[in-house]
Amino acid sequence: MRFLIVTNLDKNNAESCTRLVVSKLLSLGGAVGMEQEDKAVFHDLSAVEFGDFPTLLSKCDVVISIGGDGTLIHAAKYAVEYDKPVLGINTGRLGFLTRMEQNELDLLSRLFEQKFSVENRMMLELHYKIQGRVKVYTALNDIVLSRGSLSRIIDMSISCDGKPVSEYRADGLVFSTPTG
C-alpha cells in the first residue's frame, strides 16, 4: 500500500507522531510519500518519497493526516479530487473528526489487512461568480460567504444544482454539511 502523509507541524507531538507512523507503515511493508517541503524536517527518513503533492496524491492508496481536525479537513479537500480515503491521527486538542489517537498506532496494521471501513461524507462545492469570473471551492465542513472583515450588507443569489433557491440581503451566509 502507498500512503501520503500530510502533517501539521504546528501541532504538539506532530513531528514525533509522524516519525512513528512512517516507521510503522514501513515495517508493515508500506510505501510512504510526503510533500517536498517536509524534507527539511524529515530529511533523515531516507525511505520516504518526497515530491510534488498532486503527483504523490494521485499515486497513493490512503492519505494520512497528522494533526487535528483542521489538518484532516485540509487533506480531505484535496483527497476528494482523486477519490482517496483520509485517515486522521489526532495530535491536536479535540479531534472530533480524526479517528485515531497517537496511542493507537498499532491499528495501522488493519489497513494492510483490509479490516477497515470508509465513511463517505457529504461535501459542498461552491461556484462563486463575481465580475464574470467563476471560482470553485470545495469544503467538508462549511462554507461562509461574507464580505470579510467589513461588516456590510451584500446581495446574494443562491442556487442549488443550477436551480434558484433564494436571494438574500445579509452580512453573510453559512452553508454547513452534517460534518460541520
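**Close-up views of a predicted model**

**View 1. The largest nonpolar core.** Ile5, Val21, Leu25, Ile64, Ile89 and Leu108 touch the most other members of this core, which has 21 residues. Its largest share, 4 residues, comes from H1. At least two residues each come from E1, H1, E2, E4 and E5. A nonpolar core is a set of buried Ala, Val, Leu, Ile, Met, Phe, Trp, Tyr and Cys residues joined through side-chain atoms within 4.5 Å. Buried means under 20% relative accessible area, exposed over 50%, partly exposed in between (1.4 Å probe, protein chains only). Another core lies apart from this one; its 10 residues include Leu124, Leu145, Ala170 and Leu173. The model is predicted: local features need pLDDT of at least 70, side-chain atom pairs count only at pLDDT 80 or more, and totals for chains, interfaces and linings use all residues. Residues are numbered from 1 along each chain as its sequence is written, and side-chain values use heavy atoms, with hydrogens and water left out.

**View 2. Surroundings of Ile5.** Residues up to four places away in sequence are not counted here. Ile5 touches Thr18, Val21, Val22, Leu25, Val32, Gly33, Met34, Asp38, Ile64 and Ile66. Contact means heavy atoms within 4.5 Å.

**View 3. The open sheet.** Six strands pair in parallel, in the order E3-E2-E1-E4-E5-E6. E3 (49-51) and E6 (100-101) are the edge strands, each pairing on one side only. Helices (H or I, at least four residues) and strands (E, at least two) are DSSP runs, numbered from the N terminus. Two strands pair if DSSP finds at least two bridges between them. E1 (residues 2-7) and E2 (residues 31-35) are joined in the parallel sense over 4 bridges. Arg2 stands opposite Ala31 in E2. Helix H1 (residues 14-27) packs on the sheet and touches E1, E2, E4 (62-67) and E5 (86-90). The direction of H1 makes about 175° with that of E1. Axes are lines fitted to C-alpha atoms, for helices over the stretch in contact; angles run from 0 to 180 degrees between N-to-C directions.

**View 4. Helix H4 on the sheet.** H4 (residues 69-79) lies across E1, E4 and E5, at about 155° to E4. Its buried residues are Asp69, Thr71, Leu72, Ala75, Ala76 and Ala79. These sit on the same side of H4, because they cover an arc of only 155° around the axis. The arc is taken from the directions between the helix axis and the C-beta atoms. Their cover includes E1, helix H3 (53-59), E4 and E5.

**View 5. Ser65 in strand E4.** Ser65 belongs to E4. Ser65 is buried, with a relative accessible area of 0%. Leaving aside neighbours within four places in sequence, Ser65 is in contact with Val6, Thr71, Leu72, Ala75, Val86, Leu87, Gly88 and Ile89.
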